[in-house]
Amino acid sequence: MSPDIASVFQQRFGQKPFVCASAPGRLEVLGNHTDYNEGFVMSAAVGQTTNVAMSPVEGSICTIHEKGRDCTIDLQEIDTPVKGDWRNYVKGLLVELRKRGKHFGAFNACLSSSVPLSAGMSSSAALEMAFSFALKTIYGIELSLPDWARVGQAVENKYLGLNSGLLDQFSSLYGKKDSLILCDFRTVEVLKTVAMPAGWTMVVANTMVKHNLVESDYNQRRVSCENALKTIQKKYPQVKALRDVDSAMLESCRDLMDLTDYRRALHVVGEDERVMQGVKLLESGDIRGFGALLFESHQSSRENFENSCPELDALVEIAHTLPGCAGARLSGGGFGGISIHLVESDKAEEYCENLKTAYQAMTGKTAETVICSIGDGARIVPVKED
Ligand code: GLA
């Protein structure tokens, strides 16, 4: 939680806020593009959070104060997103709540965030979930946690046009400190919590190649997965989603489908299998084995799903050569953004420096690295009494 979002609120609005809420960004550790195929992901919430202090107000004008400046949202003008405006996430949330018959009024809010933007840590889900928790408290909006995640997903899918899955919002809600969570996106629950191995740290390395997923091939990848599924279902009618398909089944349908769709499905089916294998390896303490799966995942992204880029490939290639790294892969949607690296904690700082130097030499670009802490999911933070 940022030092004092409540005091910032008090300074700006002359009263204590009614509620403070905090929601973290997330890391996709293993399981790429499996969520919208009803599959499995190992993910974590990061220590970086988005924080919102909020109180209800009369009328239709919501005032949001951030970094010393005010902006507003008029509840009568929320139906249409404005390209490139971060308030779309809040407006979309309000639109989706309204669609679900939920009643709310205007608010004053202060916002601060330590989740880096456009960096594969899902700052947007953190923003959506922090506002969700604040709004639910001030207006008594009743929804289950999975439904709050679905509201956030609907903001992306319906309001903004990115057909993403539930991973980002779900992980922001359900993350557990110092742990990885095994998410099941059919039942929409956490199947298991696996402790982050002692002495190991997640390093995030940002290619600094911006990805705009709405305009990227993300939606196209999803269509390919759906095409592959339809073909498989002709042979295996019991299959409901790619989650129900194993490598042997997919192989038996290979000649029936478009080669590109086959390769996309191969990635997803392989990822589901790697996630399950990964959990077992971590539970048995085989960190190197787990790391090898991260490398395999990246290779499959690069060759089959084609959601990598030369800069991400460079970071992962360097990871193979540096001491102290068990595995690395692109993380999140891809097409730019970040890679994650599983690194021995006591070597992490040196690792970051070496990675950046080698990346600069290979690509001429400057990467940014973060040694990530793993935090808890979204929460309401008590407002301190004087
Ligand atoms: C983005 C989406 C998620 C998920 C990942 C890929 O982060 O928002 O829903 O599909 O890409 O695994």
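Q: At roughly what angle do the axes of helix 6 and helix 8 cross in this predicted model?
A: Helices are DSSP runs of H or I with at least four residues, numbered from the N terminus. Axes are lines fitted to C-alpha atoms over the stretch in contact, with angles from 0 to 180 degrees between N-to-C directions. The axes of helix 6 (residues 218-235) and helix 8 (residues 259-283) come within 8 Å, and they cross at roughly 95 degrees.

Q: How many residues of the contact of helix 6 with helix 8 are charged?
A: Contact means heavy atoms within 4.5 Å; Arg-221 and Cys-225 of helix 6 are among the residues that meet helix 8, where Asp-261 and Arg-264 are included. Asp, Glu, Lys and Arg count as charged. The contact of helix 6 with helix 8 has four nonpolar residues, three polar and, as charged residues, three.

Q: Within what arc do the buried residues of helix 11 fall?
A: Buried means under 20% relative accessible area with a 1.4 Å probe, protein chains only, and in helix 11 this holds for Ala-348, Tyr-351, Cys-352, Leu-355 and Tyr-359. The arc is taken from the directions from the helix axis to the C-beta atoms. These buried residues line one face of helix 11 because, seen down its axis, they fall within an arc of 100 degrees.

Q: Which residue, with a positive phi, follows helix 11?
A: This is a predicted model, whose local features need pLDDT of at least 70. Residues are numbered from 1 along each chain as its sequence is written. With phi near 75 degrees, the residue following helix 11 is Gly-364.

How values were computed
This is a predicted model: local features need pLDDT of at least 70, side-chain atom pairs count only at pLDDT 80 or more; totals for chains, interfaces and linings use all residues. Side-chain values use heavy atoms; hydrogens and water are left out. Helices (H or I, at least four residues) and strands (E, at least two) are DSSP runs, numbered from the N terminus. Buried means under 20% relative accessible area, exposed over 50%, partly exposed in between (1.4 Å probe, protein chains only).
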